[in-house]
Amino acid sequence: MAAAATGVQVGAAMVATRFVVHDIGPASLAFLRYAVAVLCLVPPVLMSVRVRFALRDLLVVMALGIVQFGVLIVLLNLGLQFISSTRAALLFSTFPLMTMIIAALLGRERLSPTKVAGVVLTIIGVGVALGERLITERAAGEWIGALLVLAAALCGAVCSVLYRPYLARYPTLPVGAWAMLASVIFLAAPAGVEGLFTEVPQLDPGAGWPFCSSACRAGLVMFCGSGRSSTRRRRG
């Protein structure tokens with residue numbers, strides 16, 4: 001569930017980010033996106049059943065949220081300054097495969113021959129799609145962007161695996177809300193350094209709607225995912 005939610009959110013955010021990535025800092029962009037997403041989650045969280053977290057579990061969930069919704073998005077925003085959203089999406093498509101490999105290395109999932117073949121074919125496909133651009137005169141920028149996006153995907157994959165015991169223990173909605181809130185608090189500092197709280201960002205008027213819709217979509221995906229997770233938990 002965490003992997004699917006992250007994949008949908010980030011994929012939708014890539015195109016919207018291209019509209020504003022050169023007008024606002026990467027940390028500020030991530031801060032605003034998830035601040036809006038958290039606000040979208042406030043009503044359903046208040047209407048849902050109250051959940052009491054163990055303090056240790058809550059701290060881990062918040063730490064994972066900082067990486068998943070904070071560090072990941074900042075790395076992705078930085079990467080999109082060097083490569084197109086289409087190319088970034090191709091690289092980020094390795095996210096589920098990274099999740100599968102990490103789960104296997106940690107002994108939480110078995111790698112079948114079919115899964116291994118899928119990993120190899122995906123890596124080859126991404127290499128073919130990007131290979132020509134990586135050997136052109138702009139190779140330096142392409143490599144930087146590619147490495148940043150891959151690092152973002154790795155952050156998401158690690159978090160998706162580590163979230164699993166907490167998503168089995170607690171409902172998805174409060175877990176996601178606490179994780180996003182932690183990332184917003186974390187991102188406030190670098191966003192402040194970028195001048196978000198002292199200067200009004202000068203955004204292209206046409207970029208407002210794509211950006212806001214991607215932010216609201218992040219909250220909507222988390223809310224819808226929480227409903228499916230709750231249904232599966234009751235059936236289990």
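These legends describe close-up views of a predicted model.

Local features need pLDDT of at least 70 and side-chain atom pairs count only at pLDDT 80 or more, while totals for chains, interfaces and linings use all residues. Residues are numbered from 1 along each chain as its sequence is written, and side-chain values use heavy atoms, with hydrogens and water left out.

View 1. Helices (H or I, at least four residues) and strands (E, at least two) are DSSP runs, numbered from the N terminus. Along the sequence the pattern reads α-α-α-α-α-α-α-α-α. The chain has 236 residues, and 45% of them count as buried. Buried means under 20% relative accessible area, exposed over 50%, and partly exposed in between (1.4 Å probe, protein chains only).

**View 2. Helix α2 carries a kink at Leu 41.** Helix α2 covers residues 26-47, 22 residues in total. From first C-alpha to last, α2 reaches 33 Å, close to the 32 Å expected at 1.5 Å a residue. The expected span is 1.5 Å times one less than the number of residues. The kink is about 35° and lies shortly before the proline Pro 43. This bend is the angle between axes fitted to the seven residues ending at a residue and the seven starting there. Buried residues of α2 include Phe 31, Arg 33, Tyr 34 and Leu 41.

**View 3. Helices α2 and α8 cross at roughly 150°.** Helix α8 spans residues 172-193, and the two axes come within 8 Å. Axes are lines fitted to C-alpha atoms, for helices over the stretch in contact, and angles run from 0 to 180 degrees between N-to-C directions. The pair is therefore roughly antiparallel, a term for angles over 145 degrees; under 35 is roughly parallel, 65 to 115 roughly perpendicular and the rest oblique. The crossing is left-handed: the near helix is turned anticlockwise from the far one by less than a right angle.

**View 4. The structure holds 0 disulfides.** A disulfide is counted when a pair of cysteine sulfur atoms lies within 2.5 Å. The sulfur of Cys 159 has its closest cysteine sulfur in Cys 155, at 6.7 Å, too far for a bond. Cys 159 is buried, at 2% relative accessible area. Cys 40 is partly exposed, at 32%.

**View 5. Tyr 163 sits in helix α7.** Helix α7 runs over residues 139-169. Tyr 163 counts as buried, because its relative accessibility is 3%. Its C-alpha atom is 7.5 Å from that of Leu 64, although 99 residues separate Tyr 163 and Leu 64 along the chain.
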